[in-house]
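Hi everyone, thanks for making time this morning. Let me put a model up on the screen and walk you through a few spots in it.

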Amino acid sequence: MSQMFGSARSDTLFLGGEKLSGEDIRNQNVLAAQAVANVVKSSLGPVGLDKMLVDDIGDVVVSNDGATILSLLDVQHPAGKILVELAQQQDKEVGDGTTSVVIIASELLKRANELVRNKIHPTTIITGYRLALREATRYINELLSQPVENLGKDTIINIAKTSMSSKIIGADSEFFANLVVDAMLAVQTTNSKNETKYPVKAVNILKAHGKSSIESQLIKGYALNCTVASQAMLKRITGAKIAVLDINLQKARMAMGVQINIDDPEQLEEIRKREYGIVIERIKKIIGAGANVVLTTKGIDDLCLKEFVEAGVIAVRRCKKEDLRRIARATGATFISSMSNLEGEETFETSYLGYAEEVVQERISDDECILIKGTKAHSSSSIILRGPNDYTLDEMERSLHDSLSVVKRTLESGSIVPGGGAVETALNIYLENFATTIGSREQLAVAEFANALLIIPKTLASNAAKDSSELIAKLRSYHATSQFSKPTESKKKNYKNYGLDLINGKIVDETVQGVLEPTMSKIKSLKSALEACIAILRIDTMITVDPEPV
Ligand code: ADP
């Protein structure tokens, strides 16, 4: 068993600190985990509600995304923090399923605590839970998942729609799902191991105020929210050779504190010339290496712009570092950040340059943007989001990011499962039956694992203001019929894809309804939920260590 060190207090004195153990600590941890899960519970599903979070300086975030909500909460309890981290991990690794994972973990924990109260040892529960997870994974892979190739692009669009159905862009899910799938298909690349990859980072999301959300647009290429540094510059270059810099192209200045005494005004003029001379030398080196597009995160002096204009080079200043990092990756350029002097013998190598078919400044909606099209190393696409204000645009961006991740997972792993509680209910029936085949105490834990999964369809139904008890009973009976009808029956009933239709309060075939999720995300969320639950369950003592006396 593990020990937890934290700030909770009890009356027992222990080695100068305080100690809380056994049932007390377990109850406290379970309560904390439930409190965290309760915050996000009402956000689950297509009819889940949003949360508004206001920080101490009055900044507001409105979100439906479990990971975002929890990361903004100031959770103090160590067990609560484990669930917050769980949501963040799920967000990082899968991109979606963050609310579900927290709800499942807290339910598993609640049920485990009940078992402990009934004198089942935590180690037995952990073994039982692990066994149930192994069976569940096998059952999903063998019986519930379907390969995507058989289902076509419409399926991928449906998956994107499912992931955004609970989000702010859910009302226009048809439009945004198409946008997301096209954006992801445009950035398809093959890596050195000949695997097809869909990097989410290759899709750049720009946010612009004004117009309605369905006037958002997809652009092939990387859109940079900047303009050329001088009106006299070219606005279009084909066969672009791009230098990506984190270098200041402004008049060189002497370091602070350097004092030079001169008695001749000509010497002062010399110093001024030299200050410009240094930066002009740098620019000449960059142009000399063959660059015809220069992007920098820092500034470019007006006097230096002349050099670029005369050489027919497009120069763009004050770009965002993150944008340039991505452009460097997409064009195959080296992001030069440390070589801040380029002085003396130091040269700008041609190999530092990246390549693109075209760099052009275009007016998109109302704004001028620089577009980098046909990038050499891997293709990129950009989505320009339109919306009324920052809260909406930020939440739209988070929702799109979730959908992009889900589409990536689906395309890369190539298999899907039905959503709307279908998988959880099928597993509930299967595991309940499987538990009866185990002739030891672990049976109880497997049965509890099975019941814990029902929390997903139950929460989905109650969030949709439907009678969850009746719907779940009906859904379970469909799955039981499906699993236990004998293959010899003339017309074998197959309801394994049946889940909840939350709008009409009915049981439907989710593959027909188009409510689909990537298999990988479902399995991953079960695994991570269990790991978090076990981490908390293993704690049997909490010791509050007193701060050292000053
Ligand atoms: P998460 O952060 O866990 O992804 P969501 O709020 O996105 O949470 O809800 C996901 C759950 O909602 C999944 O279980 C999914 O199957 C279900 N769901 C999404 N769209 C629908 C729909 N149209 N009908 C029924 N269930 C849906």
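Predicted model: local features only at pLDDT ≥ 70, side-chain atom pairs only at ≥ 80, totals over all residues.

Residue numbers run from 1 along each chain as its sequence is written.

So, the overview. The protein has 17 helices and 23 strands; these are DSSP runs numbered from the N terminus, with helices (H or I) of at least four residues and strands (E) of at least two. The C-alpha trace spans about 95 × 70 × 45 Å along its principal axes. Of the 550 residues, 46% count as buried, where buried is 20 or more other C-beta atoms within 10 Å of a residue's own, exposed is 12 or fewer, and partly exposed is in between, with C-beta atoms placed from the backbone. Among contacts with a separation of 6 or more, 74% join residues 24 or more positions apart; a contact needs C-beta atoms, placed from the backbone, within 7 Å.

Now the helix pair. How do H12 and H15 cross? The axes of H12 (residues 422-435) and H15 (residues 468-484) come within 9 Å and cross at roughly 60°. Those axes are lines fitted to C-alpha atoms over the stretch in contact, with angles from 0 to 180 degrees between N-to-C directions. The two helices are therefore oblique to each other, given that under 35 degrees is roughly parallel, over 145 roughly antiparallel, 65 to 115 roughly perpendicular, and the rest oblique. On the H12 side, the contact is made by Thr425, Ala426, Asn428, Ile429 and Tyr430; H15 brings Leu475, Arg476, His479, Ala480 and Gln483.

Next, the sheet. It is open, with three strands in the order E6-E19-E22 and antiparallel pairing, where pairing takes at least two DSSP bridges between strands. E6 (146-147) and E22 (516-518) are the edge strands, each pairing on one side only. Two bridges join E6 to E19 (residues 415-418), and Gln146 has Ile416 as its bridge partner in E19.

Finally, two loop residues. Lys119, between H4 (98-117) and H5 (122-144), has a positive phi of about 70° although it is not a glycine. Lys119 is exposed, with 7 other C-beta atoms within 10 Å. Arg318 is in the loop between E14 (314-316) and H10 (321-331), and is a non-glycine with a positive phi of about 55°. Arg318 is exposed, with 11 other C-beta atoms within 10 Å.

How values were computed
Contact = placed C-beta atoms within 7 Å.
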